[in-house]
Amino acid sequence: MSPIYAVSLALLIVSAAVALWRGVPWERTTAAVLVLTWIGTALAPFDPARPPWVAIALDGATLLLLLYLALYSKRRWTVWATAFQFLLMANHLAFVRFHELEQWAYVTAYYVWGDAVLLCLIAGALWRPRRAASAID
C-alpha cells in the first residue's frame, strides 16, 4: 500500500467517524456517499492505459450530490467541498483527454483533491453554524 493511499484511507475513516459523531444529516450523508465511492473505486479494476470509467462515474455522482448540498444546505463547507470535487473531476477529464500524462501525477492529484474534500467534511462536522438567538432572549 502506497503512503498516499494509506494517508487518504486514514483521512476517510477519520472524516466518516467525525461526521457520524458530530455531523448533522448533511455531513452524515456526504460521509456515506464518500465511503461508498471509495469502496466502488477500490473494487474497480485499474488499467494504466485506459481511463478509469468507474471512478469517473462515481466521482461525477459525488460531484452532483455535493453541488446539490452547496445549493440547498446553506453550509459553507459544502461550497469548498464541491470546488475540490470539481477539481478532482477536472483531473479525471485531463487524463481522459491526454493519455500521455504520467500516472504518478494523475494519481497524486486525484488523492490531493480527494483529501481536500475529506478535510472540508471534517471542518463542516466540527464547526457548526451558530444558532439564531431565541425569541425569549
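Guide: A nonpolar patch is built from Val, Leu, Ile, Met, Phe, Trp or Tyr residues with over 30% relative accessible area and no salt bridge, joined when their side chains lie within 5 Å. Like charges also form patches, joined within 9 Å. Accessible area comes from the Shrake-Rupley method with a 1.4 Å probe, and for residues only the protein chains shown count as cover. A salt bridge puts a side-chain nitrogen of Lys or Arg within 4 Å of a carboxyl oxygen of Asp or Glu.

Visitor: Which residues form the nonpolar patch on the surface?

Guide: Leu64, Leu67, Tyr68, Leu71 and Tyr72. Together they have about 570 Å² of accessible area.

Visitor: What kind of model is this?

Guide: It is a predicted model, where local features need pLDDT of at least 70 and side-chain atom pairs count only at pLDDT 80 or more, while totals for chains, interfaces and linings use all residues. Residues are numbered from 1 along each chain as its sequence is written, and side-chain values use heavy atoms, with hydrogens and water left out.

Visitor: What makes up the protein, helices or strands?

Guide: There are 5 helices and 0 strands. Both are DSSP runs, numbered from the N terminus: helices are H or I with at least four residues, strands are E with at least two. The order from the N terminus is α-α-α-α-α. The C-alpha atoms fill a box of roughly 65 × 30 × 20 Å along the principal axes.

Visitor: Why is tyrosine 68 called partly exposed?

Guide: Buried means under 20% relative accessible area, exposed means over 50%, and partly exposed is in between (1.4 Å probe, protein chains only). Tyrosine 68 has 45%. That value falls in between, so tyrosine 68 is partly exposed. This tyrosine lies in helix α3, residues 53–72.

Visitor: How much of the protein counts as buried?

Guide: Of the 137 residues, 36% are buried.

Visitor: Why is glutamate 100 called exposed?

Guide: Its relative accessible area is 64%, which is over the cut-off, so glutamate 100 is exposed. Glutamate 100 sits in the loop between α4 (76–97) and α5 (103–126).

Visitor: What about lysine 74: why is lysine 74 called exposed?

Guide: Lysine 74 reaches 78%, so it passes the exposed cut-off. Its place is the loop between α3 and α4. Most residues other than glycine have a negative phi.

Visitor: Why is histidine 92 called buried?

Guide: Histidine 92 has a relative accessible area of 1%, so it falls under the buried cut-off. Histidine 92 is found in helix α4.

Visitor: What makes the link between histidine 92 and aspartate 59 a polar contact?

Guide: A polar contact is a pair of N or O atoms within 3.5 Å; within protein, one must be able to donate a hydrogen and the other to accept it, and residues adjacent in sequence count only if both atoms are side-chain atoms. The side chains of histidine 92 and aspartate 59 are joined at 2.7 Å. That distance is within the limit, so the pair qualifies on distance.

Visitor: Why is threonine 37 called buried?

Guide: Its value is 9%, so threonine 37 is under the buried cut-off. Threonine 37 lies in helix α2. Its side chain has a polar contact of 2.9 Å with that of threonine 62.

Visitor: What makes glutamate 27 and arginine 75 a salt bridge?

Guide: Their closest N and O atoms are 2.7 Å apart. This is inside the limit, so the pair counts as a salt bridge. The pair links distant parts of the chain, 48 residues apart: glutamate 27 is in helix α2, arginine 75 in the loop between α3 and α4. Both residues are buried. The structure holds 1 salt bridge.

Visitor: What makes a set of residues a nonpolar core?

Guide: The members are buried Ala, Val, Leu, Ile, Met, Phe, Trp, Tyr and Cys residues, joined through side-chain atoms within 4.5 Å. The largest core here has 19 residues, and Leu34, Ala81 and Leu121 have the most contacts inside it. α5 gives the largest share, 7 residues.

Visitor: Which residues does leucine 34 touch?

Guide: Leaving out residues up to four places away in sequence, leucine 34 touches Leu12, Thr62, Val117, Leu118 and Leu121. Contact means heavy atoms within 4.5 Å.
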